[in-house]
Structure formats: structure tokens, C-alpha cells
Amino acid sequence: MSDLETMPGHLIRRLQQISVARFAARRAEAGLDLTSVQYAALLTLFDHPGLDQQTLAGMIAYDRVTIGGVIDRLVQKRLVDREVSPTDRRARVLMLSDLGREALDSATPLVDKVQADLISHLTAEEGDIFLKLLQKTTQAGNELSRAPLRRTVKVQGS
């Protein structure tokens with residue numbers, strides 16, 4: 001029988017659990033009402049205003065069905081505005097609201113602390129190597145995911 005501590009899949013799952021726990025702890029400390037997926041959506045909309053939901057889902061590697069609920073909650077919190085596309089009346093585009101920008105500004109230092117927490121036991125060189133290996137492995141397996149990362153930006157009206 002194999003030792004779980006030598007199985008990459010098990011260790012990746014454990015690291016994901018640790019990451020989620022650190023985010024939840026930092027979020028609670030800051031009194032912030034934002035999930036890590038909501039943060040990813042806000043950050044992406046800051047960088048790419050005017051995305052539709054499907055494009056946003058691809059850009060944060062989230063499944064298209066579940067992103068609707070994420071966006072609904074962001075709209076309810078008034079962090080994101082959903083507007084009719086100026087070029088296609090049937091389509092909706094997403095824009096970060098002023099409140100969304102404030103939430104993003106508040107959350108970013110917290111997210112930075114979580115990233116530092118996750119590799120705090122590594123030297124700077126080990127952290128760089130670890131990050132490069134994570135990127136290489138994630139990119140190599142991207143198409144195997146049920147929600148592959150899509151870097152294409154399809155902004156309504158352009």
C-alpha cells in the first residue's frame with residue numbers, strides 16, 4: 001500500500017484545504033465578506049471591465065454554471081454592476097462598482113498575506129521554485145480540468 005504523504009494528488013488536496021483555511025482565517029480577522037472566488041472575479045473585472053459571465057468564468061477557471069451564483073451574490077452586495085451590452089441587447093456585461101473597487105482594495109492586502117502564509121516556511125529561492133513548478137504542472141494539466149483556464153478576453157462592444 002502507498003503512503004499518502006508521497007501522493008501528489010493527496011498533497012495538492014491538503015494544500016488546497018490549508019489555503020482555504022488560511023483565507024477564511026484572514027478574512028475573519030479583517031471582517032471581510034468575500035470568498036476567494038469572489039475576489040478572483042473582482043480582480044479580473046478590475047483588469048478587464050465589461051466581460052460577460054462566460055468569459056469571466058473562463059478567465060478564473062470556474063465552471064460556467066456556478067459562476068452565475070457567484071455573480072448574483074456580487075451584484076446583491078453591490079460590488080458588481082450587470083448592464084445590458086451596448087452592442088448586443090440580449091447580452092449582459094459586468095463592471096466593478098465603486099463599492100467593488102473598495103472591497104478589492106481592502107481584500108488585496110489580506111490575499112497577499114495568505115499567499116505569504118502558504119510559503120512562509122520556504123526560503124525565497126524555494127518559494128520561487130515551488131511557484132514555477134505549480135505553474136508548470138497547472139498549465140500542463142489545464143485541459144484536463146472541468147473548468148480550464150481561458151486567457152482570451154472577449155469584451156462586449158469591442
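# Close-up views of a predicted helical model

**View 1. Helix α1 passes helix α5 in a right-handed crossing.** A crossing is called right-handed if the near helix is turned clockwise from the far one by less than a right angle, and left-handed if anticlockwise. Please keep in mind that this is a predicted model, in which local features need pLDDT of at least 70 and side-chain atom pairs count only at pLDDT 80 or more, while totals for chains, interfaces and linings use all residues. Residues are numbered from 1 along each chain as its sequence is written, and side-chain values use heavy atoms, with hydrogens and water left out. Helices (H or I, at least four residues) and strands (E, at least two) are DSSP runs, numbered from the N terminus. Here α1 covers residues 8-30 and α5 covers residues 98-118; the two pack at an angle of about 140 degrees, with their axes 9 Å apart. Axes are lines fitted to C-alpha atoms, for helices over the stretch in contact, and angles run from 0 to 180 degrees between N-to-C directions. The pair is therefore oblique; angles under 35 degrees count as roughly parallel, over 145 as roughly antiparallel, 65 to 115 as roughly perpendicular and the rest as oblique.

**View 2. The residues where α1 meets α5.** From α1 come Ile18, Ser19, Arg22, Phe23, Arg26, Arg27 and Ala30, and from α5 come Leu110, Val111, Lys113, Val114, Asp117 and Leu118. Sorted by class, this contact has 7 nonpolar, 1 polar and 5 charged residues. For this count, Ala, Val, Leu, Ile, Met, Phe, Trp, Tyr, Cys and Pro are nonpolar, Asp, Glu, Lys and Arg are charged, and the others, Gly among them, are polar. Contact means heavy atoms within 4.5 Å.

**View 3. Arg26, a buried residue in helix α1.** The relative accessible area of Arg26 is 18%; buried means under 20%, exposed over 50%, and partly exposed in between, with a 1.4 Å probe and protein chains only. Leaving aside neighbours within four places in sequence, Arg26 is in contact with Leu110, Lys113, Val114 and Asp117. Arg26 and Gly127 lie 101 residues apart in sequence, and their C-alpha atoms are 21 Å apart in space.

**View 4. Helices α2 and α5 make a left-handed crossing.** Their axes come within 10 Å and cross at roughly 120 degrees. On the α2 side the contact is made by Tyr39, Leu42, Leu43 and Phe46, and on the α5 side by Gly100, Ala103, Leu104, Ala107, Thr108 and Val111. These residues divide into 8 nonpolar, 2 polar and no charged.

**View 5. Helices α2 and α4 cross at roughly 75 degrees.** Their axes come within 10 Å, and the two helices are therefore roughly perpendicular to each other. Val37, Gln38, Ala41 and Leu42 of α2 meet Val70, Arg73 and Leu74 of α4. By class, 5 of the residues in this contact are nonpolar, 1 is polar and 1 is charged.

**View 6. The largest nonpolar core has 27 residues.** A nonpolar core is a set of buried Ala, Val, Leu, Ile, Met, Phe, Trp, Tyr and Cys residues joined through side-chain atoms within 4.5 Å. Leu34, Leu42, Leu56 and Leu74 touch the most other members. The elements giving two or more residues to this core are α2 (36-47), α3 (53-59), α4 (64-76), β2 (92-96) and α5, and α5 gives the most, with 7 residues. Not counting residues up to four places away in sequence, Leu34 touches Phe23, Arg27, Tyr39, Leu42, Leu74, Lys77, Leu79 and Ala107. In soluble globular proteins, nonpolar side chains tend to be buried together.

**View 7. Two loop residues, Ala61 and Arg78.** Ala61, in the loop between α3 and α4, has a positive phi of about 55 degrees although it is not a glycine. At 32% relative accessibility, Ala61 is partly exposed. Arg78 sits in the loop between α4 and β1 (80-84) and has a positive phi near 65 degrees, again in a residue other than glycine. With 56% relative accessibility, Arg78 counts as exposed.

**View 8. Asn142, in the segment after α6 (124-140).** Asn142 is buried, at 18% relative accessible area. Setting aside neighbours within four places in sequence, Asn142 contacts Pro148, Leu149 and Arg150.
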